[in-house]
Amino acid sequence: MLLGAAAFKSLRKARGLSLAETSRALIATARRLGQPLDSSASSVQRSAARWESATRPILPSDRYQLLLAHLYARGADGHIALGPGSDFAELLDALAHLGEAEARLSDLRALLMRTATDDGTGLLALLGPATRLSMAAALTDPTRVDEVLLDGLRTAVGDVNAHVGSLPFARLQLLLAPVIESCRRLLTGDAPAPLLPELRTVAVQAYTLGGRLAFETRDDQASHALYAAATATAGQLDARWRRAVVHMSHALVTLYSAPGIEAARGLVDAAVRDARTGDSVRVRARAHGLQAEVAARAGAERHARTALSLAWYDLDRNGEGDPAPASFSPDHLRGFEGLCELYVGDAAVAHDFFADSVAALGTPRERVQRAIVSTDQALACIRLDAPEQAADLLHNCVDSAASTGGRVPALRLRQARKELRPWRREDFVADLDDHLVELLGS
């Protein structure tokens, strides 16, 4: 805890603030946020002194943590900075040393990310001061691309990806935009040859995520352009599994934005080819799982079950040293098994697979996927002549789709609602329709 106290003191002094000035700044921040403090300036100052105590430091309360986060997230230039090396990042480290739980720190970071885009600004919020300087230098002269810049861009992409499900897609798209544009400009310049593979890797990740976000915000033209850029850039890397990941992401959005399944099938087959020659068995398993879904949707039961068997075979192999160990799991594969049963098997078995998958998809990052699987579970209920149970499941999906702005959950919801037409005069369907209109406008 003494490390946290020292970090608090160092952070305050780096801002040139006395304890009295810190207390006044916190009071002003509370007033700006519409949450004025009842405490006097002297009381707030005593609290600040206890956070920095060299003998018995204490952890700031949740309310003070929020005020401190807003205070240190905004730099002297008035811009929000949340990336590595920022005062906000230092604050989170200090709170961690004082004993704050990781989950609470993640919530605090997510809240400030939301704040960063409240007014449509905050484009560089995820880039720390050192990264901003490196970016400015490299955009002027690409030969000055360095590891600091690549680390900062990689971290920013990871931050955006980690908040899928907890922040609206439109805001995530805004936060990712400067990374995508920087990668485009740097790859057309004379970046140092030894750093090109890593720059291309970051660019592939940014373009792929950007393609997904553009699709979710209903900009299909931008989505396809970003996926094309991701595919071309991934083709310049030795790691074929990375291009397989691009193909799979592109296949999923194509499945929902293009008529029929042939275009999606072509992308899935390309993903399987790349994954089979790649180093990641987890990515290979995911490719086979997606291949099984597409086959099941086409009514090709034998092909679907063969692909599922291959996916389980991949997952059962030793994954030690896999470059993408967290990219796919048995819980994710159960969702694909459920889809296969839904389209070419037993709806009751499908329902159980979906229920198991939903129960396992518990992280904020998996919220969108959980909503999608829940919608599929509702379809299984409808086929089992349990429409009221289906409607209950769909209410939760409506909430998730509304909070994230996700297009795929919304499309799946509309599909499930069509399946409820035979019960359209029932009160439980009317309640669902009211909920859909209220939150999604449809």
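Helix α18 is largely enclosed by the rest of the structure, because 13 of its 17 residues are buried, meaning under 20% relative accessible area with a 1.4 Å probe, protein chains only. This is a predicted model, in which local features need pLDDT of at least 70, side-chain atom pairs count only at pLDDT 80 or more, and totals for chains, interfaces and linings use all residues. Residues are numbered from 1 along each chain as its sequence is written, and side-chain values use heavy atoms, leaving out hydrogens and water.

**Helix α18**
- Helices here are DSSP runs (H or I, at least four residues), numbered from the N terminus.
- Helix α18 covers residues 367-383; at 1.5 Å a residue it should span 24 Å, which agrees with the 25 Å between its end C-alpha atoms.
- Just after α18, D385 takes a positive phi of about 60°.

**The largest pocket**
- A pocket is an open set of points on a 1 Å grid over the protein atoms alone, where a 1.4 Å probe fits, with protein on both sides within 12 Å along at least five of seven lines; lining residues have an atom within 4 Å of a point.
- The largest pocket holds about 1500 Å³ of space, a volume being the space filled by probe spheres set on the points, which are joined across faces, edges and corners.
- Its lining has 45 residues, with N161, R212, R286, S327 and R365 nearest the centre.
- Elements giving two or more residues to this lining include α8 (147-162) and α18.

**The second largest pocket**
- This pocket holds about 380 Å³.
- Among its 19 lining residues, L92, E102, L105, S106 and R109 are closest to the centre.
- Helix α6 gives the largest share of the lining, six residues.

Notes. Expected span 1.5 Å × (residues − 1). Buried < 20%, exposed > 50% of the residue type's maximum accessible area, 1.4 Å probe, protein only.
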